[in-house]
Amino acid sequence: MIIEAAQFLTILATGLFFLCFVFSIFFNVNDVNIIKLISRIYSHSFFLFLSSFLIYVWLAINDNFSVLYIAQHSNTNLPVFYKISSIWSAHEGSMFLWIIFLSLWGAIYNFSVHNNEPLKARTIGVISITTVGFLLFLLLTSNPFETMLPLPPENGADINPVLQDPLLAIHPPTLYLGYVGFVIAFGQAIAFLIEGNSSINWEKQVRFWSIIAWSFLTLGITLGSWWAYYELGWGGYWFWDPVENVALMPWLAATAFIHSLSASSKSSILRIWTILLSILVFSLSLFGAFIVRSGIIDSVHSFANDPERGLYLLAFIGILVMTSLILFSYRFSILISNKRIVSLSKESFISINNIFFGTLIFSTMLGVMYPLIYEFVNDQKISVGAPFYNAIFVPITLLACLFLIFSIESKWQSKLKFAFLNNPLIISFVFSLFITFLSFKFYSVSRAWTLASLFIGSLIISRYILVIYAYIFHRKFVNIYSVLAHLGLGLLIISIALNNDFSSERALNIKINETETYKNHEITFNNLQLTEGPNYESVKADFIIENKNGNKFSLNPEKRKYFVRGQITTETAIHASLLKDIYLTIGDQLDDGSWIVNVQFNYFIRWIWFSATLMIISGLFLARSLNRVHS
Amino acid sequence: MTVFLRVFILCVSLMFFYFFYLYIEEDKYYPGASFQTSNMPLFELEDLYSDDVITNSDIEGAHLINVWASWCITCRIEHGFLVKLSSQGIPIMGLNYKDARIDAINWITKFGDPYEFIIHDLKGELALDMGVTGAPETFLINNGKIIAHYRGEVNEMIWSDVFSPIIKKENLFNDN
């Protein structure tokens, strides 16, 4: 009964969202009353939809297994936390959450933007129609409200043990918040195109929303990377998995977008870029949803599929994107600025980097699509892996960073002037050269790309430290959060390069009580225990590792076998220190009684996530500082 | 120049969506389906209801093999369709996967029995040899060869899109 009520609320909300869209497109949105009406319908509709979701959460907590989806993905023995997170552990429920977030962004926007301009009403209209599209997708092809009557199962199903991890419970929601957060920028851009009045400055407001969405997207990707590292036992931070790639593309587009925004919120000079990028960011987010949910690509992420879903999503995304692009080309003339971009101005550097970002997005898309095209034509499966992406990403990223360095010096709409003596650029240049030379000479870094990355990374860091110096001692104005985010970038480049250069791994065959030496570390296989957990049995190994200074510590990698599905999982054991992680996983036992043990030394891997965290936090503070200026 | 740019952007994105449309319309989009031919592994396993041993010789000719378990919720949803298939005369062999005997028998009593006979594969030995990753999964075998394999729930649509074409092509199940 309750579940039918929840479904009814969702259907009602769908109708009201559609009404919002109709009002915002076909009514006179210059009328303040209409604007207020649209805003009011939107919030009512959002509350109906939210209560439907809350009822669903309540049903999940109370083990209502007459709801098919809950019966399939939850279990009476799970802690409450996992009962809730089981909602987004599969397709239907995660789509539900995705739409909740989509409309939540719209609701927050609706509440917090107080100027009753036509732009606001139109934006809400665009957000509404996007929400309606996804709601219909939910109700027609992936209904989470379906019931299982009579005879609901008593205990529910056992959920995939790999997914029973606190980090994984938070990873999808943050990622979704990031993905759908760009609906505000998209909505404003489309509203701006519909209005067709080039004097409206839509960019200023959007910066705040987009930077927050960008921070969530970065956070979601980082959490996913960390989870794969310790839970899946893959032992790295990035695998160029197709679904990682479809999250990377909106991230790249979003990064280009927020930089272009800062240019075009000052003058309308990069408007074509910002409009196009805002459409691109949101389209790529939707494209990600399509790839994951149509089952086109096999991956750890893909959901069980149904071709109808793919077709529906493709049609919906296609209509949304094509309409936006037609609108874009129809209004092209009002987007063209009569000012020219001054060469060597800040705008010029941002445009150049937009082209670089575009190249990266295009190459990633090529890497995702090439296997599909190949399969389509030749009926064979191939995969595009790290060598392809590395060959493109490394040089282009470094080049883009070089332009970033020059852009620090440059000014809006005026030519960069080089002052050769006492120039901070020269100082940081010399400093980075020195660092690179030191690491070449004393730390046996010899690969050219690592040295180049080290050089560029230190160049970014030292240059921005000089910016901070000027900020503190010469009161030279700068947005300190943007500086911190770019320091994160410098650190990220250095950590990735060093991780790539120093990390190593080896598979050992080792018996109990034997000792092997790997890279000045003595690894002793001390003991092997059979233990039993609440719903699994496990083999737990005990290793003592002694480094050359005589420090000892123990690591306990595990292999678990879960009773219900018979699934086997590997629990990694990680010893983390400032510079490196010692990462141990156990494999199978061989016939002679020895075990295969994989030892990895992962250098600077914590630094990669630390840099990402620095970027995320600076992003959030940056958005906060922007909001204070505007309101 | 600007006209060219506009038309270019529109055409490229249209082609992009058209490609995915073509891809989806091809029957390759069922990632659960595989049509690689392989030999049916040799097995000797107990019947679910008795101590009789079932071997390869019991499944000569064309058969469906359906992997199921009482702990599998999706199997319950699939079950109704299997009952319908068996009433149309399609021979289905059940492969009870990693399940307690008593649970499995109770389950069948409750929801009906579409199977000719059911193999009790407690340790998942045969399932492992056949490349089963979970339940439900369904195999189509003909004269000791696996000719189709589907991971996931078989329903009306999967039956007509994945299984029917190959059944027609190989001219199977015609004697009924």
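Okay, hi everyone. Keep in mind that what you see is a predicted model.

Let's start with the domains. Chain A is split into domain 1, residues 1-164, and domain 2, residues 504-606. Take the centres of those two domains over their C-alpha atoms, and they sit 44 Å apart. Chain B has a domain 1 covering 1-30 and a domain 2 covering 31-170. For chain B, the domain centres are separated by 40 Å.

Now, the helices. When two helices pack, you describe them by the angle between their axes and the distance between those axes.

Against α6(A), residues 118-141, the packing angle is about 30 degrees and the axes are 9 Å apart. The crossing there is left-handed. Which residues of α2(A) make this contact? They're I34(A), I35(A), I38(A), S39(A) and Y42(A), and they meet K120(A), A121(A), I124(A), G125(A) and S128(A) of α6(A). By class, that's 6 nonpolar, 3 polar and 1 charged.

Next partner: α5(A), residues 91-112. Here α2(A) packs at an angle of about 145 degrees, with 10 Å between the axes. This crossing is left-handed too. On the α2(A) side, the contact includes F46(A), F49(A), L50(A) and F53(A). On the α5(A) side, you'll find F96(A), I100(A) and G106(A), among others. And how many charged residues are in this contact? None: the count is 9 nonpolar, 5 polar and no charged.

Conventions. Residues numbered from 1 in each chain as written. Chains lettered and ligands numbered in written order. Predicted model: local features only at pLDDT ≥ 70, side-chain atom pairs only at ≥ 80, totals over all residues. Domains from an automatic or database assignment. Axes fitted to C-alpha atoms, helices over the stretch in contact; angles between N-to-C directions. Helix = DSSP H or I, 4+ residues; strand = E, 2+ residues; numbered from the N terminus. Left-handed = near helix turned anticlockwise from the far one by under 90°. Contact = placed C-beta atoms within 7 Å. Nonpolar A, V, L, I, M, F, W, Y, C, P; charged D, E, K, R; others polar.
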